[in-house]
Amino acid sequence: MPEAMVLTWRQYRLERRMFWRNPSAAFFNFVLPLLFLVAGGAILHGNQSQLNKLVPAIAGMSVMSTTFTALAYNIVFLRERGVLKRIRGTPLPTGSYLGGVAANAVTNTALQLAIVILAGRVAFGIGWPKEWLELVVFVLAGVVCLASLGVAFAHVIPNFESTAAYVNAVFLPVVFVSFYAFDAAGAPEFVRNVADALPLKPLIDGLYGAMVTGTGLGDNLDALAVIGLWGVFGVWLAVRGFTWEQRRG
Amino acid sequence: MNANAIEVRDLHKRYGEHEAVRGIDIEVRRGEVFGLLGPNGAGKTTTVEILEGYRERTSGEVSVLGYDPARRQIELRRRIGIVLQSGGIYSLLTPREALAHWASFYPRPRDVEEVLELSGLAEQADMRSRKLSGGQQRRLDLALALVGDPELMFLDEPTTGFDPKARHGAWETVRRLKQLGKTVVLTTHYLDEAQALADRVAIVKDGRVLAIGPPRELGVGGTRYRVAYRDGSGELIEYQTDDPTRLLNELTGAALARGEQVRELSVGRPTLEDVYLELTADA
């Protein structure tokens with residue numbers, strides 16, 4: 001379907017143009033991971049083994065914020081403002097529209113990861129990633145998984161005003177638990193079990209292997225399986241509950 | 001090709017216990033402006049959203065330009081334009097950018113510059129849409145529906161919340177759509193709007209069509225006249241008659257014989273408002 005591809009591309013370019021016109025979105029996308037890196041780097045200064053863990057952890061968080069958080073926000077906003085309903089009334093194929101929206105989010109993921117990887121090389125002494133294939137596989141799996149979970153989560157959020165509360169109620173605990181379990185060897189077993197069952201910690205494990213230690217894909221298949229299972233669940237939920245309109249009443 | 005743009009037979013729509021549409025029959029001819037008039041909650045929007053393909057009907061037959069809208073075929077969506085009551089716009093784009101993007105969805109779009117001109121947005125063409133006034137945003141709604149050059153346009157309460165000047169501007173645009181040969185389906189709860197714009201009107205209440213026809217002919221019984229005057233004692237008298245000539249002759253003859261005036265005499269057809277109020281009054 002070449003025509004659908006052309007329309008997907010046009011939608012993607014439009015989404016990019018709108019992204020750059022929204023200064024606060026652009027700021028959060030590029031400055032926030034840098035701030036986390038700078039703050040973490042200042043605290044952990046001189047402790048290379050800690051810096052080795054900081055960079056992939058921030059990279060994992062970047063994947064989650066550019067997909068899960070950004071898409072949950074976007075979908076709720078577009079739904080409540082009636083943009084989705086209007087698009088639905090045009091001949092633009094649904095796949096082209098959602099493809100353009102998703103590709104926009106993935107572009108931001110790629111840009112953020114590039115910033116984090118570059119910072120790791122230039123300022124944090126962890127060099128270039130050691131396992132590029134593993135990096136690409138984990139990032140792709142993480143993107144599909146967390147993007148679909150973000151779209152699915154949008155179904156739960158009743159209106160735009162409460163989006164920040166809903167998203168942070170998930171994002172912040174997941175980040176805290178995952179960072180804690182990833183970093184602290186002495187974390188309680190219960191916390192580690194929870195973190196290992198959620199998608200972010202396995203993603204960070206995979207990124208750590210790819211970016212720092214160079215343990216190959218084969219050593220992180222468990223982590224990849226957890227992400228994959230969440231991904232299947234997320235895609236199923238995202239498609240099943242998708243609503244184009246504000247709920248009435 | 002069918003002479004009617006839209007055919008609806010015995011349409012029903014049920015939401016759980018509530019039956020929003022209870023057996024509606026409508027035909028909309030090609031090239032006409034068809035008004036769906038009724039109080040809030042009458043089933044107008046539900047009916048129109050079934051025609052637009054947003055909702056699935058519970059039962060009944062529906063044909064829009066020969067298609068079943070519930071199947072959501074892309075071929076049908078290329079030929080219709082929809083102006084929603086609260087369609088969101090991309091606030092970060094200019095009208096020119098939004099129209100160029102929308103135009104790319106359609107096989108034979110209208111020229112963007114022409115649509116800007118037609119919808120009265122030429123001066124705002126390069127402003128971010130969030131800076132447009134409410135009325136200008138509604139004009140952009142219309143422009144976005146028009147840019148694909150559809151044969152059939154749906155306008156859902158296009159002037160709700162407009163001041164009188166903006167309303168008359170929107171009315172002019174609807175008349176221009178008709179001149180362009182478009183078929184227009186308009187929902188409204190304003191009587192004057194239906195009277196001013198629609199070739200034919202269906203009055204809808206409680207999910208049923210109560211009356212259908214050209215606004216001027218939508219009388220109860222069709223031809224009844226209303227004759228009113230004030231008699232010698234100052235009391236207001238009102239008659240309804242099918243034969244005003246005879247009634248007036250008798251009235252004026254009797255008054256002349258008594259040497260009285262027939263004061264405040266008026267002869268009128270029932271307006272759409274009379275018909276509407278009579279039909280939609282709660283029994």
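This is a predicted model: local features need pLDDT of at least 70, side-chain atom pairs count only at pLDDT 80 or more; totals for chains, interfaces and linings use all residues.
Residues are numbered from 1 along each chain as its sequence is written, and chains are lettered from A and ligands numbered from 1 in the order in which they are written.

H9(A) covers residues 200-213, and its axis lies 8 Å from that of H10(A) at an angle of about 140°. Helices (H or I, at least four residues) and strands (E, at least two) are DSSP runs, numbered from the N terminus. Axes are lines fitted to C-alpha atoms, for helices over the stretch in contact, and angles run from 0 to 180 degrees between N-to-C directions. H9(A) and H10(A) are therefore oblique to each other; angles under 35 degrees count as roughly parallel, over 145 as roughly antiparallel, 65 to 115 as roughly perpendicular and the rest as oblique. Their crossing is left-handed, a label given if the near helix is turned anticlockwise from the far one by less than a right angle, with clockwise giving right-handed.

**View 1. Val232(A) sits in helix H10(A).** The helix spans residues 221-240. Val232(A) counts as exposed because it has 12 C-beta neighbours inside 10 Å. On this scale a residue is buried if 20 or more other C-beta atoms lie within 10 Å of its own, exposed if 12 or fewer, and partly exposed in between. Leu34(A) is 198 residues away from Val232(A) along the chain, and their C-alpha atoms are separated by 31 Å.

**View 2. Helix H3(A) packs with H6(A).** H3(A) (residues 48-80) and H6(A) (residues 132-154) have axes that come within 8 Å and cross at roughly 25°. That makes the two helices roughly parallel, and the crossing is right-handed. Among the contact residues are Val63(A), Leu71(A) and Ile75(A) of H3(A), along with Val139(A), Gly142(A) and Phe153(A) of H6(A). The contact has 15 nonpolar, four polar and no charged residues.

**View 3. Helix H3(A) also packs with H7(A).** H7(A) runs over residues 163-183, and its axis lies 11 Å from that of H3(A) at an angle of about 165°. H3(A) and H7(A) are therefore roughly antiparallel, in a right-handed crossing. Lys53(A), Ala57(A) and Tyr73(A) are among the H3(A) residues here, and they belong to a contact that includes Phe171(A), Phe179(A) and Asp183(A) of H7(A). By class there are 12 nonpolar, two polar and two charged residues.

**View 4. An open three-stranded sheet in chain B has the order S11-S10-S12.** Its pairing is antiparallel, and two strands pair if DSSP finds at least two bridges between them. S11(B) (236-241) and S12(B) (263-268) stand at the edges with a single partner strand each, so one side of each is left without a neighbour in the sheet. Neighbouring strands are turned by 10° against each other on average, direction ignored. S10(B) (residues 225-230) joins S11(B) over six bridges, and Ala228(B) has Glu238(B) as its bridge partner in S11(B). These two strands form a hairpin with five residues between them, and Gly234(B) in the turn has a positive phi of about 90°. Helix H8(B) (residues 244-258) lies across S10, S11 and S12 of chain B, running at about 15° to S10(B).

**View 5. Strands S8(B) and S9(B) form another hairpin.** S8(B) (residues 200-205) and S9(B) (residues 208-213) pair in the antiparallel sense over five bridges. Lys205(B) stands opposite Arg208(B) of S9(B). Two residues lie between the strands, and Asp206(B) takes a positive phi near 50°.

**View 6. Chain A meets chain B.** In this view, 17 residues of chain A are in contact with 17 residues of chain B. On the chain A side, H1(A) (2-20) and H4(A) (83-88) each supply at least two residues, and the largest share, four residues, comes from H1(A). That side has eight nonpolar, four polar and five charged residues.

Methods
Two residues are in contact if their C-beta atoms, placed from the backbone, lie within 7 Å. Ala, Val, Leu, Ile, Met, Phe, Trp, Tyr, Cys and Pro count as nonpolar, Asp, Glu, Lys and Arg as charged, and the others, Gly among them, as polar.
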